Structures are given as C-alpha cells and as structure tokens.
Amino acid sequence: VFMKSNKEVEKSIIKRFKKEIYSRFVRAIKDFELIEEGDNICVCISGGKDSFILAKCLQELQKHSKYKFNLKFLVMDPGYNKVNLDLIKENVLNVI
C-alpha cells in the first residue's frame, strides 16, 4: 500500500480546493481587510474538516502574504475521550 506524504496530501488539497475555497478565502481577507501586518491569529482545532481547512488556508496565506502575521493553533477539548483527543492532537502535529 502506497501512502502519500503530508506534503503530497497538502499539495493535492490546495490544488483541488484552490478555486472553490482558497481563492474566495483570500478575496474575503483582502476585501474586508481581516489581517494586518503583525496580527496574532489563533485557530482552534476541533478535529473537524472546517477547522483543519481554515488552518491550512491561513498557513498558505502566511507563506504567500505580503503582510507578516503570527499564527498559532490550539486543540479544543470539550470533553473528548482520551483516544479521540490524542488522535486530534496527532493529526494536528502531522498536518499543521
């Protein structure tokens, strides 16, 4: 069984969702002036698709933005059992 590396998975996600999600995300950031130079941004990771996609979009924007901003990630624990919380943390470390 061939397993793709994190970088390959990340590249395929960016390519697949560039038009649908990322370009609209970037346009909203610009249109509404949501990020400024030196901002501190924190993303709370719940384990769902939406928080992971937001994290990846912000990481990509941070790489390519003319504005420098700080980006941190937190893992939310609303009472997950230990196995699920550990899985979320592992995914964050491997993906983010």
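Author: Helices here are DSSP runs of H or I with at least four residues, and strands are runs of E with at least two, numbered from the N terminus. The model is predicted. By that rule the protein chain has three helices and two strands. Read along the sequence, they follow the pattern α-β-α-β-α.

Reader: What does the C-alpha trace span along its principal axes?

Author: The trace of the protein chain spans about 40 × 35 × 20 Å.

Reader: How do you know whether helix 2 and helix 3 are parallel or antiparallel to each other?

Author: Take the angle. The axes of helix 2 (residues 49–64) and helix 3 (residues 82–95) cross at roughly 20 degrees. They come within 12 Å. Angles under 35 degrees count as roughly parallel, and those over 145 as roughly antiparallel. Therefore helix 2 and helix 3 are roughly parallel to each other.

Reader: Which hand does the crossing of helix 2 and helix 3 have?

Author: Right-handed. Phe-52, Lys-56 and Gln-59 of helix 2 make the contact with Asn-91, Val-92 and Val-95 of helix 3.

Reader: What makes a residue of that contact nonpolar, polar or charged?

Author: Its residue type decides. The contact of helix 2 with helix 3 divides into three nonpolar, two polar and one charged.

Reader: Why is one space called a cavity and another a pocket?

Author: The test is escape. In a cavity a 1.4 Å probe fits but cannot get out, whereas a pocket is an open set of points. With a cut-off of 30 Å³ or more, the count comes to one cavity.

Reader: How much space lies in the largest cavity, and which residues line it?

Author: About 90 Å³. The lining includes Ile-13, Phe-17, Lys-18 and Tyr-22, and also Ile-53, Lys-56, Cys-57 and Glu-60. Helix 1 (6–31) and helix 2 each supply at least two lining residues. Helix 1 gives the most, with six.

Reader: What kinds of residue make up the lining of the largest cavity?

Author: Seven are nonpolar, none polar and three charged. Tyr and Cys count as nonpolar here, Lys and Glu as charged.

Reader: And what is the volume of the largest pocket?

Author: About 290 Å³. Of the 13 residues that line the largest pocket, Ile-29, Lys-30, Leu-61, Ser-65 and Tyr-67 are the closest to its centre.

Reader: Which helix gives the most to the lining of the largest pocket?

Author: Helix 1, with four residues. Helix 1 and helix 2 each supply at least two. The pocket lining divides into seven nonpolar, two polar and four charged residues.

Conventions: Residues are numbered from 1 along each chain as its sequence is written. This is a predicted model: local features need pLDDT of at least 70, side-chain atom pairs count only at pLDDT 80 or more; totals for chains, interfaces and linings use all residues. Side-chain values use heavy atoms; hydrogens and water are left out. Axes are lines fitted to C-alpha atoms, for helices over the stretch in contact, and angles run from 0 to 180 degrees between N-to-C directions. Angles under 35 degrees count as roughly parallel, over 145 as roughly antiparallel, 65 to 115 as roughly perpendicular and the rest as oblique. A crossing is left-handed if the near helix is turned anticlockwise from the far one by less than a right angle, and right-handed if clockwise. Contact means heavy atoms within 4.5 Å. On a 1 Å grid over the protein atoms alone, a cavity is a set of points where a 1.4 Å probe fits but cannot get out, and a pocket is an open set with protein on both sides within 12 Å along at least five of seven lines; lining residues have an atom within 4 Å of a point. Grid points are joined across faces, edges and corners, and a volume is the space filled by probe spheres set on the points.
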